[in-house]
Amino acid sequence: MGTFAISQFGQQLGPHSGIVELMDDLGVAMAQGNMLMMGGGNPAIIPEVVEVFRQRMQAIAAGPEFDRMVSIYDPPAGNAKTLDALAGLLQERFGWDIGPENLAVTGGGQTAFFLLFNLLAGPQTDGSIKRILFPLAPEYIGYANQGLHPDIFTTIPPRVDHDETDGFFKYRIDFDRLTIDDSIGALCVSRPTNPTGNVLTDAEMDHLASLAAEHDVPLIIDNAYGAPFPNIIFEEVTPLWTPHTILTLSLSKLGLPGTRTAFVAGPPEIIQALSAANCVLSLANNNVGQYLVRELFENRQLFDLCEGIVRPYYQTRAQEAVRWVREAFGETPVNIHRPEGALFLWLRFPKLPITSKQLYERLKARRVLIIPGHYFFFGLAESHPHAHECIRMTYSQDPKVVQEGIAILADEVRKVYQQDQR
Ligand SMILES: Cc1ncc(COP(=O)(O)O)c(C=O)c1O
């Protein structure tokens, strides 16, 4: 076999990016069959939710919709009826002034971010370079390698608030350090946040929105876990929409990651640029997810599904995971980020004598998979102590797996601290 030259583009999207290493590692571990999987971001398989989609699929398969679903390239922005239905739902639920011209479909949120970041940052026609500013580290690992131009991300370290009453900590945006100059092409936050389960407060979001308006840059809000779907959000907060907002909504955490479908809401000129780029890249979108949810959008059954089943399911799982961590750790040092949404607990082991990557390896040897924290601290000017003291664990999988995994995690962390004292 020859040695083929891989371009700079290929290197940038290549096998050494954190997300690829991670997905490979998870895949290999999964194939071994006996791992306790608390690493990935897979949503839970909730039987009531699967049943709703099974019935929708059967109804579609039995009628003429099926022919259109599998036989037609819809326009690059997505299926017109589905976009109409989504616009109606967002108008009704939040009173937002949104029409189909504000909406486009992509192959999952991941693709939407790749396109948005590279549309809004990187080399400009005047020779300057624009960047994406993440106001709060840690942030979603899946963004880290998406810039086609190296170093297009700038991240601000968090302020850390400790709540003495219930022992949780919470990251907050350090607005004193957040400066926006001409080199910033857009701001971006995930809310709820992957990896921490943080939900930025309404005050923080309002502040970001006013900065975005003042500097005339888009504020991208990654709503992968937010309202109205999947609504894995345990705090009373208000979703934000302004003329500067770009909001991404994905079907994945609702239970449809296999359909690879996300919707992007934003200003029409950005939606047009996004659809055109998506057309060049993919020609058209996968129709299946859009067909599965359209009726739920139209008859608003989606609200019942998310508020009645999806949110309570994850809230219960979060509470039991916190209880298990506290019971298993006992006197062993552990701080938990307040779980306000998404599928994860973010744990900090203060002054951990080894790195979180070393802890990850030791846990993997004991069949437990978590994600070491350093992956989520990309784009920072200087390293942050939490990068090597924190891990992300997913609580969406089988409760028995989660409880057993937490027990092994606590045992291993205890050993690490004890070995350090000898
Ligand atoms: C915050 C966040 N954004 C985006 C994504 C991408 O999801 P998808 O491409 O399945 O929509 C994920 C997946 O875990 C995520 O956690």
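Which helix gives the largest share of the shell around the ligand? That would be helix α6, residues 108-120, with three residues in the shell. Keep in mind that you're looking at a predicted model.

**Around the ligand**
- There are 14 residues around the ligand, and the ones that come nearest are Gly41, Gly108, Gly109, Ser250 and Ser252.

**Asn285, a residue in a loop**
- To find Asn285, look in the loop that sits between α8 (268-282) and α9 (288-298).
- Is Asn285 buried or exposed? Asn285 counts as buried because it has 28 C-beta neighbours inside 10 Å.
- Setting aside neighbours within four places in sequence, Asn285 is in contact with Asp74, Gly78, Val105, Thr106 and Gly107.
- Val52 is 233 residues away from Asn285 along the chain, and their C-alpha atoms are separated by 23 Å.

**The largest nonpolar core**
- This core has 117 residues, and those touching the most other members are Leu86, Leu116, Ile132, Leu187, Leu347 and Ile370.
- Helix α10 (residues 301-329) supplies the largest share of the core, with 10 residues.
- Both domain 1 (14-48 + 304-421) and domain 2 (76-299) put at least three residues each into this core.

Definitions and conventions
Residues numbered from 1 in each chain as written. Predicted model: local features only at pLDDT ≥ 70, side-chain atom pairs only at ≥ 80, totals over all residues. Near = placed C-beta within 6 Å. Helix = DSSP H or I, 4+ residues; strand = E, 2+ residues; numbered from the N terminus. Buried ≥ 20, exposed ≤ 12 C-beta atoms within 10 Å, placed from the backbone. Contact = placed C-beta atoms within 7 Å. Core = buried A, V, L, I, M, F, W, Y, C linked by C-beta atoms within 7 Å. Domains from an automatic or database assignment.
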